[in-house]
Amino acid sequence: MKRRTFIQNTALATAALSTFPQWATAQETLDKDQLLGKGNPKLVEQNGYRLRPQVAAAFDKMTAAAQQDGIGIQVVSSYRDYAHQNRIWERKFKSYTGNGMRDLEAIKKIIEYSTIPGTSRHHWATDLDIIQSGTGVTSNVLDPDKFHGTGPFCELKAWLDKHAESFGFYEVYTNDYGRKGFNYEPWHFSYAPLSVGYLQQYTRLDIAQILQQEKLLGSDAFTAAFINQYKTENILDINPSLLD
């Protein structure tokens with residue numbers, strides 16, 4: 001990295017760090033609807049993303065720093081409300097069951113990468129999926145292989161590994177040995193200064209009761225044992241830095 005670029009990045013990172021001296025408690029308490037993706041959060045909508053203002057400001061600083069190093073960042077997904085997540089759920093459920101899978105088998109396939117509506121971190125407008133821009137790759141972009149080796153997004157992956165945390169962004173579903181739940185997602189980052197507190201608030205909800213009341217496609221398979229495992233492995237088995 002050039003010295004001038006290093007100084008610029010350091011200044012940006014310092015500015016970002018000054019905005020979150022303590023992470024343990026989010027700066028605001030979200031109501032139940034916002035935690036479940038059914039509320040109306042105040043969002044900044046620009047540059048292909050929809051994020052909370054504090055998250056957007058930090059993300060813009062990180063994007064600018066990456067650009068200084070010649071790496072462009074493109075947002076694939078950011079805030080998703082409950083209805084959007086449910087559309088994803090229903091499309092996949094119908095596809096898998098239409099090809100002969102039983103309900104529970106289809107659900108287990110879905111939750112390799114996609115969340116049950118009402119349980120997505122994207123509902124909080126603190127998380128986003130990102131790839132490297134300017135590569136010419138436009139199909140199947142959320143593929144772990146594209147972020148490693150000679151993959152088209154490997155430069156972004158290396159840059160994020162080195163710098164993202166200084167701006168408050170942490171990879172959620174890591175490739176750590178023994179981690180359960182959702183598959184490895186090198187594209188999914190969360191703004192810890194807010195999302196750590198939001199997760200604490202979320203886990204105080206009665207998730208089992210909520211999911212059983214929603215009447216989602218396939219929800220008859222949501223037994224108490226299934227929901228408990230989903231909460232333990234899919235919701236909570238994440239990057240430890242996002243838990244405290």
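**Close-up 1. A buried salt bridge between R121 and D127.** D127 has 0% relative accessibility, so this residue counts as buried. Its partner here is R121, and the closest N and O atoms of the two are 2.8 Å apart in this predicted model. R121 is buried too, at 4% relative accessibility.

**Close-up 2. K157 meets E171 in a salt bridge.** Here the closest N and O atoms come to 2.9 Å from each other. E171 belongs to strand β5 (residues 169–171) and K157 to helix α6 (residues 154–163), so the pair ties together parts that lie 14 residues apart in sequence. Both ends are buried: E171 has a relative accessibility of 12%, and K157 one of 9%.

**Close-up 3. E214 and K38 bridge distant parts of the chain.** Searching the whole structure turns up 8 salt bridges. In the one between E214 and K38, the closest N and O atoms are 2.9 Å apart. E214 is partly exposed at 23% relative accessibility, and K38 is partly exposed with a relative accessible area of 37%.

**Close-up 4. G118, a buried loop glycine.** You will find G118 in the loop between α5 (103–110) and β4 (127–132). With 4% relative accessibility, G118 counts as buried. Beyond its neighbours within four places in sequence, G118 is in contact with L35, L36, Y82, H123 and Y202. The C-alpha atoms of G118 and Y82 are 5.9 Å apart, although 36 residues separate the two along the chain.

Technical notes:
Residues are numbered from 1 along each chain as its sequence is written. This is a predicted model: local features need pLDDT of at least 70, side-chain atom pairs count only at pLDDT 80 or more; totals for chains, interfaces and linings use all residues. Side-chain values use heavy atoms; hydrogens and water are left out. Helices (H or I, at least four residues) and strands (E, at least two) are DSSP runs, numbered from the N terminus. Buried means under 20% relative accessible area, exposed over 50%, partly exposed in between (1.4 Å probe, protein chains only). Contact means heavy atoms within 4.5 Å. A salt bridge is a side-chain nitrogen of Lys or Arg within 4 Å of a carboxyl oxygen of Asp or Glu.
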